[in-house]
Structure formats: C-alpha cells, structure tokens
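Open the model in your viewer and keep the selection panel at hand. This tour goes stop by stop, telling you what to select and what is there.

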Amino acid sequence: MRAIARSISQCRSALQHQACQYSSGFVRRQKLLTNTYNGFVYKHANNAEFDIFQRPRFSVISRALSIDAAHVTNGVADVNRAGPLVEYERRIAAGELVDGDACQVGTLRELQRLYDELVQSADACRLDRYTASAKSGRSRWLWSRFIPQSSSSPVKGLYLYGGVGTGKTMLMDLFYDQLKCSWRKKRIHFHDFMLDVHRCLRKHEGVEDPLEVVAGEISDDAILLCLDEFMVTDVADALILNRLFRHLFSNGIILVSTSNRAPDKLYEGGLQRDLFLPFIASLKERCVVHEIGSAVDYRKLTSAEQGFYFVAKDLSGFLIQKFQQLIGEYEAGPQEAEVVMGRTLKVPLGADGIAYFPFEELCDRPMGAADYFGLCKKYHTLALEGVPIFGLHNRTAAYRFVTLVDVMYENKARLLCTAEGTPFELFEKIVTISDAQQMAPRTSSRSRKNDDSGLCVDNELGFAKERTISRLTEMNSKEYLEHHAATIGENNSQEGAIHDKTVQA
C-alpha cells in the first residue's frame, strides 16, 4: 500500500510540476550551451585597428547521450517521473538541446538524485509553504525559546564546482525550474545574497545575535537555497558565513550552490582564514560535493560577427561617438542612479537606459557590488571607456572590474567598451602562486630586481580572471547581443502599451 501511495503521490507531483513550468525560462537559457570563439578586426575611418570580440553560444548535450539520460532508475525510464534529468532528456528528444558532454549528464544525475530525495522528503524538509500552519510555526518558535532545538534537514544539499563556462549556472537553473511552485525556494546570485545579509544585519543592529535573526528570516522565506557563483574574497563575508550557515543548517536549510572553486579552495590565502575553515567543514558535511570535469568552455564556442568590445591604444572620442549612435535622438546629460541605503551614484552621461563612464570613475573609486547592482537596475547598457591592462599597480581596480562584469552578466546587461587589450591580454599579468612558480621561482614570494615588476601574484584574482575573460567573450557575442536587443524591444513595447492606456484613461 505504501508503494501504491508513493506512486500516486509522485504522479500528482509530476502533474503539478508540469502545470507550473515557465517556458520563458527555457527560451531565455536554451541558447546558452555551445559556441565558437572568434575575433575579428574592426577598421576605423582613421585607420586605427581594433579587435572585436564576441560571445559564445551554448548548445547542450548530444543525442547519443539522450538514451543514457533516459535510463534514470535501474536502467528503466519512468514516464511518471519529473526532474532536471527527465526534462533534459525530453528536450534532447524534442531536438531542443544538442551537442553536450558526459560531464554535464553526470552532474544532472546528481541533481536528479537530489530532486527525487526532495520529493520523497518534502514533508520532513518542510518544503511546502502551505502545509505547515501558522499556528504550528508559532508553536515551534515558542518552544525554541525555552528548549534549543536543531532540525537539520534529512536531505543533503549539493555543491557544484568546475571551470568557467562548463554550464554550472544553466544546470542549476534547469534543476530550479523543475521544483514545485509551492515549495519554499529561492535562487539568487551570491553577490546579491550577501548584500541582502548585510542589509538585514544593519536592520537588526543592537540585537543580541543578529545573525540568528537574519538566518531565521532567510529560512522562513526559503528552505531550499540556490546560490550561484559562490566566491568569498571579502574578510567581512568570510567571518559572517561560518556563523550564518551554522544557524541556517540548524534551521533545516538545504543549500545548492555553484562555484569555480572546490570547497577547500574557498577564500584561499585570505585574512583570518582559520576562522573560515569551520564553514568549509560544515559545507562538506551538509552538501554532496560534485565536480563538473568538463574542459570545454561553452561560452567561448560562439559566433562573433559585430561586437561592442574595441581594442586600440588611442580611442579618444570614439566611444562617445558610439554612445551617441546608441541613444539616437535622446539628449544625454548627467544623471543619478539609486544604490542602497538611500545612496546615489552619479552618472557622467546617461540617456535612454544607457550610461557612459570613464573607467577611472567606475573602477578606480571605492565602489562595490551594491553600486553596480544599482547601476544595472536603471541602465541596460554601459559604455565604459579606457579599460587598462591590469597588474600590480592597479590590482584593486581589477577586482572592481571583475565584480562589475559579474553583476552585468547576472543582470543580462550590455557592455560597450574600449580597452588596451583583448580580454585575455587585460589579465595576462595577473597570476596565481602556482603560475608564478612555474614562470620564475622567486616571483611567487615577491618580485625581485630581474623579475617582471608589473606581475601581480594574487590567488583569488588569478582564479577569477578566467571567469571574467569567459564572460566578456560571451557578452560580446552575436547571440548575447541579439537576446539583449530582443529583451529591450519587448520592454519598450510593454512600456508603450502602458503609456497608451494611461493617455486613454
């Protein structure tokens, strides 16, 4: 009888799941799986020569693998099942996804396993936001005041890590989109997540343990937390994470995360890292760690026709001309963008959703992710003039540029820029300790007289640069730019319709 009841429950959850799927999520992401990396030369009227780079196009997994993907339970496909691997196999059969690799299928098996466990243990994990009554919730809170309780989830989360462009975000989104609409779930970029945490901490200043309160608010909102691009570079974040996640895991949070780094490599070489190590231990205890071993960077497998990334030594005035072409009949002028906590960011020139900045004003000043998020909320396109070659002399600016690209990529913004080199050349002098040891044994400790004085040995930045190079390539591809143009056109049509209705009223 239990087996029959379980089968009925699975059928019902599959039907409910299908009813709440959002096809637009697939349309947004289906292109992001395979491409070809190309560059070409742009000739300006004054004979200046620039390399133009474009983004990649992702096509995912091969039909040869679809048979393997369908065999999800003891070699037999169950038509009543749902989940990321099942949906993936369906898309392959429909011809919507092609040309992937076995590493992604292996990762999907892990995601499918987690999905099945969540369906089986949904009640025990308190996933459904409507099943637990407000009364029982208040009762649990009241008892927890008198009797400290730990209610760690019976299901372990999943920590996915691998090289840049291997499809981590796409796979996690495929998993997230299959989850039931009624579940307490949240998908958020790690930068955004930490900004929210700091904002809540300020709100609860003066409380005995504000992190416990913040963790309670997070777990009340979502038991299943999906964090994209887990990367710790800030000492304040590092010190917060251990205590925060101790409370979160105790509250039953299930973490699904993507990262470029293995858990043991997080915050490597950071200040007071010994205080961060307990978090790594609890992360490995509460999550299954899975490496995506693909060597393919799908972002670089894109077509490149006409880009927005221009390389030359002297492009004075050129970017302003391109900026004027983009805004058309609109008149540009100084503007402001709201950031956080009532702060504003001054924009030198802005019009029609496009902002212009010299590099120094955006990356050589004390700014962070919050400023860049505020910028992307108001502007869909950024014109950035004069991105320099990075090295020891401008390491801080390099960190800010990496963060800026991350935020723009997450918000699907468009970048128009002039730079002193190709994406690869910008970071050529940024190396990890192991890279430096291979180049010259002395460099890894400190540069000496005969070593390259401009070389910057920085593990975090040396690791992050690969992601930035990959994203810059994708952001300047034909597919990315076409998708951006279509999105802007759709938004403008909606705004026009709203305007017409307002006028008629």
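Two strands count as paired if DSSP finds at least two bridges between them. The model is a predicted one.

**The whole chain**

Zoom out before going further. The chain holds 19 helices and 15 strands. It has 505 residues, and 51% of them count as buried. Take the contacts with a separation of 6 or more: 81% of these are between residues 24 or more positions apart.

Select residues 354-358, strand 11. How many of its residues are buried? The count is 5 of 5, so strand 11 is largely enclosed by the rest of the structure.

Show the side chains. I354, Y356 and P358 point one way, A355 and F357 the other, and all are buried. In a regular strand the side chains alternate between the two faces of the sheet.

Strand 11 and strand 12 pair in the parallel sense, over 5 bridges. Look for G350, which stands opposite A355 of strand 11.

Strand 10 and strand 11 form a hairpin with 2 residues between the strands. Select D352 there: its phi is positive, near 55°.

**Y372 in helix 14**

Next, select residues 369-378, helix 14, and pick out Y372 within it. Is Y372 buried or exposed? Y372 has a relative accessible area of 0%, and the cut-off for buried is under 20%. Y372 is therefore buried.

Display its surroundings. Setting aside neighbours within four places in sequence, Y372 contacts L362, C363, M367, R400, T403, L404 and V407. Then draw a distance from Y372 to D406. They are 34 residues apart along the chain, and their C-alpha atoms are separated by 9.5 Å.

Select residues 224-228, strand 5. This strand is mostly covered, with 5 of its 5 residues buried. L224, C226 and D228 point one way from strand 5; L225 and L227 point the other way.

Strand 5 has a parallel partner in strand 4 (residues 185-189), joined by 5 bridges. Check two of the pairs: K185 with L224, and K186 with L225. Strand 5 also runs parallel to strand 6 (residues 254-259), with 4 bridges between them. On that side, L224 is the bridge partner of I254.

**Helices over the sheet**

Select strand 5, helix 10 and strand 6 together. They make a right-handed β-α-β unit.

On helix 8, the contact is made by F190, F193, M194, V197, H198 and L201. On helix 10, it is made by D237, I240, L241, L244, F245 and L248. By class, this contact has 10 nonpolar, 1 polar and 1 charged residues.

**Last stop: helix 4 and helix 5**

Select residues 84-93, helix 4, and residues 102-120, helix 5. The two axes come within 7 Å and cross at roughly 135°. The two helices are therefore oblique to each other. P84, L85, V86 and Y88 of helix 4 meet V105, L108, R109, L111, Q112 and Y115 of helix 5 in the contact. Its classes are 8 nonpolar, 1 polar and 1 charged residues.

Technical notes: Residues numbered from 1 in each chain as written. Predicted model: local features only at pLDDT ≥ 70, side-chain atom pairs only at ≥ 80, totals over all residues. Heavy atoms only, no water. Contact = heavy atoms within 4.5 Å. Nonpolar A, V, L, I, M, F, W, Y, C, P; charged D, E, K, R; others polar. Buried < 20%, exposed > 50% of the residue type's maximum accessible area, 1.4 Å probe, protein only. Right-handed = clockwise from strand over helix to strand, strands pointing away. Axes fitted to C-alpha atoms, helices over the stretch in contact; angles between N-to-C directions. Parallel < 35°, antiparallel > 145°, perpendicular 65-115°, else oblique.
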